[in-house]
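Colleague: Could you walk me through this one? I'd like to start with the surface and then move on to other things.

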Amino acid sequence: MSETAKLTRGSIRGHLVTQTLPMVIGVAAIMSVGLIDAYFIGQLGAAELAAVSFIFPITMALTSLGVGVMVGINSVISRALGEGDVERAERRANFGVVFAILAAIVLGSALYLLLDPLFGLMQASDAILPLIKAYMQPYALGMPVLLLQMSLSGVLRGQGEARRVSAISITYSVANWLLDPVLITGVFDFGGFGVAGAAYASIIGYGLACVVALFFIKHTQLAIAPAKIRGCNIGESSSAILRIAGPAAFSNAINPIGLSVLTALLASQGEAAVAGFGAAGRLQSFAVVPLLGLSGSIGAIIGQNWGANRADRARRAMYWASLFCVGYGLSIAVVLFAFGDWFADFFTEDPEVIDEFSRYLAISVWGYAGYGLLIVGNGALNAVDRASFALAQSAARVFLVMLPFAWLLRASWNSDAVYAAELVANIVGGALASLVVWQVLRDKSETSASAHTKR
C-alpha cells in the first residue's frame, strides 16, 4: 500500500467526511457568488436579470470545461500516487497546468468572436444582447485565469488536499462578495459598471485564487515548475489527461448546454419565464452544494484506492455516498417546495417572475436525489478512467430525456414542460448512473479477487 496515498488508509466514512466538508464549504462559497451576482444585478432591472439568465448556462458550460481539465489532472495524479509513483504524478500535474492555459487562450478567443451568433441562437432579443456582451466580452478574455485556477485545484485535489482546495474557493468568493456591490451598482460617486462589473469581479477573484493555490502547492509533495515539463512524455501525458478531461469536460458541459436550450424554449413564454427560471436556477445551484461537494471529493478517494488495488474500499465509499445523495436530496426538496415564494421575494418584486420561480421549484426539486447520484457517479467513473461512461450517461439524460420531453410537451404544458423535463431527466439519470457505477466497481472487485487467488 502506497505511503504517498493517504486515502488508501483509515476509515472510508471518515475520509468521505473530511474530504467532503471542506469541498462543501468551498462549493457553497462559489455558488454564493451566483446568488450575490443575481441579487445586485436584479437591482438594475428585469432586463439585466433576464440577460444573466441567458449568460448563466453559457458560463456554466465554460466552467465545466475547466472542471473537466481539473478532473483529468485529479484522476491521473490520484491513481499515480495510489501506485506510489510520485514522479509520474508530478510530470502530469505540470503538463496539465500548461495544457489548461493554452486551451483557455483558444477557447476564450473563439468565444469573444462568436458572441453574437451564439446568443442569437438562444433567442436573446436585440434589447438584451448589449447587456449580455457587456458581461461576456471581459469574461472571455479572462478565461486563461479561470482555467489556471482550476488546474491548480486539480493538482491539490489529486493529493487529497480538500481543505486547501476549499480555501482557494473561499478566496475567489470573498473577492466577489466585496467587489460585486462596488463594481456592479457602485458606491459613493462611482456609478459602477452594471452587468460588466460582475465579470470584472470574477476575473479578479480567479487571479487571487491562483496566487493562493500556488502558495499551497509549494507545501505539498508535488512541485509546479516549467522545468518539470522537459522530462515529460507529451504524448503519454496528454493522452492520460485528455482521456479523462475530454469526456469529463463534455459530461459537465452537457447539463448547461441543455439548460441553454431550455432557456431558448422558455424565451417563447416571455421574459418573466426566463428571468424566473434563471433566478431559481441560481438558488438551485446553491441548494445542491453538498451534492456537488461530494462529487468533487469522491474522485480522490476512489482514485487512490483504485490505483492501490483496493476496490473493496472504493465500493464502500460509493455505498455511503449514494445513501447521502438520496437522504439529502429529498430533505432539501421538502424545504424548497415549502418556501418557494419566500425565496423568490429575495430576487425580485415582479409577480410574474415570482410565479415562474415558485412553479419551477415546486416541480424540479423532487429530482435532486437523482441529480446527486448522477454527478457523484460521474465523479467516481472519471476517477477510475471510465470517463466515456460518464459522458454517455450525461448525454442520454439531456438529449434522450430532458430535451425531447420539454419539446414535445411545451405546447400543452407551457413553461411547466421545461420544469418537468428537468425533474424526469434527473430521476432517470440518477438511476442509470447508479447501475453503471456499481457494475464497474463490481467488475474491479472480481478482477482483484481473481488476481489475488492466482498469487
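Modeller: Bearing in mind that this is a predicted model, I would begin with helix H7, residues 162–185, which supplies four residues, the largest share of the nonpolar patch.

Colleague: Which residues form that nonpolar patch on the surface, and what is their accessible area together?

Modeller: The patch is made up of Ile25, Ile170, Val174, Trp177 and Leu178, and together these residues have about 440 Å² of accessible area. Ile25 sits in helix H1, which covers residues 12–42.

Colleague: Is Phe188 buried or exposed?

Modeller: Phe188 counts as exposed, because its relative accessible area is 85% and the cut-off for that class is over 50%.

Colleague: What about phi of Asn414?

Modeller: Phi of Asn414 is near 55 degrees, again a positive value in a residue that is not glycine. Asn414 is placed in the loop between helix H16, residues 387–413, and helix H17, residues 415–454. Asn414 counts as partly exposed because its relative accessibility is 38%, which falls between the limits of 20% and 50%.

Colleague: Switching to pockets, how much space lies in the largest pocket?

Modeller: About 260 Å³ of space lies in the largest pocket. The lining consists of 15 residues, and the closest to the pocket centre are Ile58, Ala61, Leu118, Ile257 and Ser260.

Colleague: And which helices supply at least two residues each of that lining?

Modeller: Helix H2 (46–82), helix H4 (115–121) and helix H9 (234–267) each supply at least two, with H9 giving the largest share, seven residues.

Colleague: By class, how many nonpolar, polar and charged residues does the lining have?

Modeller: The lining of the largest pocket has 14 nonpolar residues and one polar residue, while no charged residues take part in it.

Colleague: Last topic, then: where is Leu323 found, and how far apart in space are Leu323 and Leu373?

Modeller: Leu323 belongs to helix H12, which runs over residues 311–338. From C-alpha to C-alpha, Leu323 and Leu373 are 9.1 Å apart in space, although 50 residues separate them in sequence. As for accessibility, Leu323 counts as partly exposed because its relative value is 45%, which is under the 50% limit above which a residue would be called exposed.

How values were computed
Residues numbered from 1 in each chain as written. Predicted model: local features only at pLDDT ≥ 70, side-chain atom pairs only at ≥ 80, totals over all residues. Heavy atoms only, no water. 1 Å grid on protein atoms, 1.4 Å probe; cavity = no way out; pocket = protein on both sides within 12 Å on 5 of 7 lines; lining within 4 Å. Points joined across faces, edges and corners; volume = space filled by probe spheres on them. Nonpolar A, V, L, I, M, F, W, Y, C, P; charged D, E, K, R; others polar. Buried < 20%, exposed > 50% of the residue type's maximum accessible area, 1.4 Å probe, protein only. Patch = residues over 30% accessible without salt bridge, like charges linked within 9 Å, V, L, I, M, F, W, Y side chains within 5 Å. Areas by Shrake-Rupley, 256 points an atom, 1.4 Å probe, with all protein chains shown as cover. Salt bridge = Lys/Arg side-chain N within 4 Å of Asp/Glu carboxyl O.
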